[in-house]
Amino acid sequence: MDSTATDRFDVGRFQASRNRLASLAYRLLGSATDAEDTVQDAFLHWQAADRQRIKVPEAWLTKVVTNLCLDRLRSAQARRERTAGAWLPEPLLDGDPMLGPADTFEQRESVSLALLTLMERLSPVERAVYVLREAFSYSHAETAEILDITESASQQHLHRARRRITAVRTGGAEADPASARRIVEEFLAAATSGRTELLVALLTDDATAISDGAGGLATRLLRHDNPQRIAAVVRAGFKPTDAKRRLAGGTPAIHYALVNGAPAILFVLGDQVVGSTMFDIINGKIATMHGIAAPKRLARLTEAWRQHEPDAPLIDQW
């Protein structure tokens, strides 16, 4: 095989792993943009490597991507951005290949906005161990090899990660798709009617709402932890006004969608998603809401929406 044919073959081997590598990077970083950049960096490493000596390309590439992600998480810039109080994961529309495997509850939960946000509490290595084990089912021996740690250290990191997540994560059964949609439709009806008592009834006692503000303009995330306060904020936020329509650039429609595997409503103007609210539903009630309106956080979701065949909107003109 000549060198050109070899290069094409090796590029093909990398491309065969690209979606899996991107879904790994997304889970580790919570950013689709950073995940894409990381996978591209991994490709450059792959091109520069002595590929004839790489016995298991998938394992080699997994190790490279994981460690590139750890470098990003440890960087001074990332720490500043994530501790400044304005970081949220980038939402992804259902069907985006970056969401990766979704065969098990653990795999589906690993890309939920609630869990991606909670994983900010973990150290970079804890986060990597948790993702490799829970989402990709790597053994502790394989995880230790990827991260250059011992198997016992991998076990300890996983134990700490699970403990930190479960300390603030209320467990419960997954909502079936029909029930999830019904709860979201009830939420939207209550929100647009201004009936706060109906909104409170849909929320868990420890519900949390996190938002980047109208138009995504908040310099720090807006967070509310009281059901009554959340209901009041939602009632005010979902009431259409001329000022809000000017901020949105017009009169958007409201669509139901699945985002990061969870029910969501999207404010869509033309073919542009200008706002989104994602719901984490536990035991038939809304436990967490994430409101995202910053255009850069919605860029990939908007691009996917343009290729999407949506159902009829829940509200034609908001």
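This is a predicted model: local features need pLDDT of at least 70, side-chain atom pairs count only at pLDDT 80 or more; totals for chains, interfaces and linings use all residues.
Q: Is Ser276 buried or exposed?
A: A residue counts as buried when its relative accessible area is under 20%. For Ser276 that area is 3%. Because 3% falls under the cut-off, Ser276 is buried.

Q: Which residues is Ser276 in contact with, leaving aside its neighbours within four places in sequence?
A: Here contact means heavy atoms within 4.5 Å. With the neighbours within four places in sequence left aside, the partners of Ser276 are Ile265, Leu266, His290, Gly291, Ile292 and Leu298.

Q: Which element gives the most to the lining of the largest cavity?
A: A search of the whole structure turns up one cavity of 30 Å³ or more, with a volume of about 70 Å³. With three residues, the top contributor is E5.

Q: How many residues of the lining of the largest cavity are nonpolar?
A: The lining includes Leu113, Val259, Met278 and Phe279, along with Ser112, Asp280 and His290. Sorted by type, three lining residues are polar and one is charged, while the nonpolar ones number six.

Q: Which element gives the most to the lining of the largest pocket?
A: Now to the largest pocket, which holds about 790 Å³ of space. Of the 32 residues that line this pocket, the closest to its centre are Ser211, Gly213, Ala214, Gly215 and Ala293. Elements giving two or more lining residues include strand E1 (203-211), helix H12 (227-237) and E6. The element that gives the most, with six residues, is E5.

Q: How many residues of the lining of the largest pocket are nonpolar?
A: The pocket lining can be sorted by type too. Two of its residues are charged and 11 are polar. The nonpolar count is 19.

Q: Is Ile54 buried or exposed?
A: Ile54 lies in the loop between helix H2 (32-48) and helix H3 (57-74). Beyond its neighbours within four places in sequence, Ile54 is in contact with Trp46, Ala49 and Trp60. Its relative accessible area is 11%. Since that is under 20%, Ile54 is buried.

Q: How far apart in space are Ile54 and Ala253, C-alpha to C-alpha?
A: Along the sequence, 199 residues separate Ile54 and Ala253. In space, their C-alpha to C-alpha distance is 51 Å.

Terms used
Residues are numbered from 1 along each chain as its sequence is written. Side-chain values use heavy atoms; hydrogens and water are left out. On a 1 Å grid over the protein atoms alone, a cavity is a set of points where a 1.4 Å probe fits but cannot get out, and a pocket is an open set with protein on both sides within 12 Å along at least five of seven lines; lining residues have an atom within 4 Å of a point. Grid points are joined across faces, edges and corners, and a volume is the space filled by probe spheres set on the points. Helices (H or I, at least four residues) and strands (E, at least two) are DSSP runs, numbered from the N terminus. Ala, Val, Leu, Ile, Met, Phe, Trp, Tyr, Cys and Pro count as nonpolar, Asp, Glu, Lys and Arg as charged, and the others, Gly among them, as polar. Buried means under 20% relative accessible area, exposed over 50%, partly exposed in between (1.4 Å probe, protein chains only).
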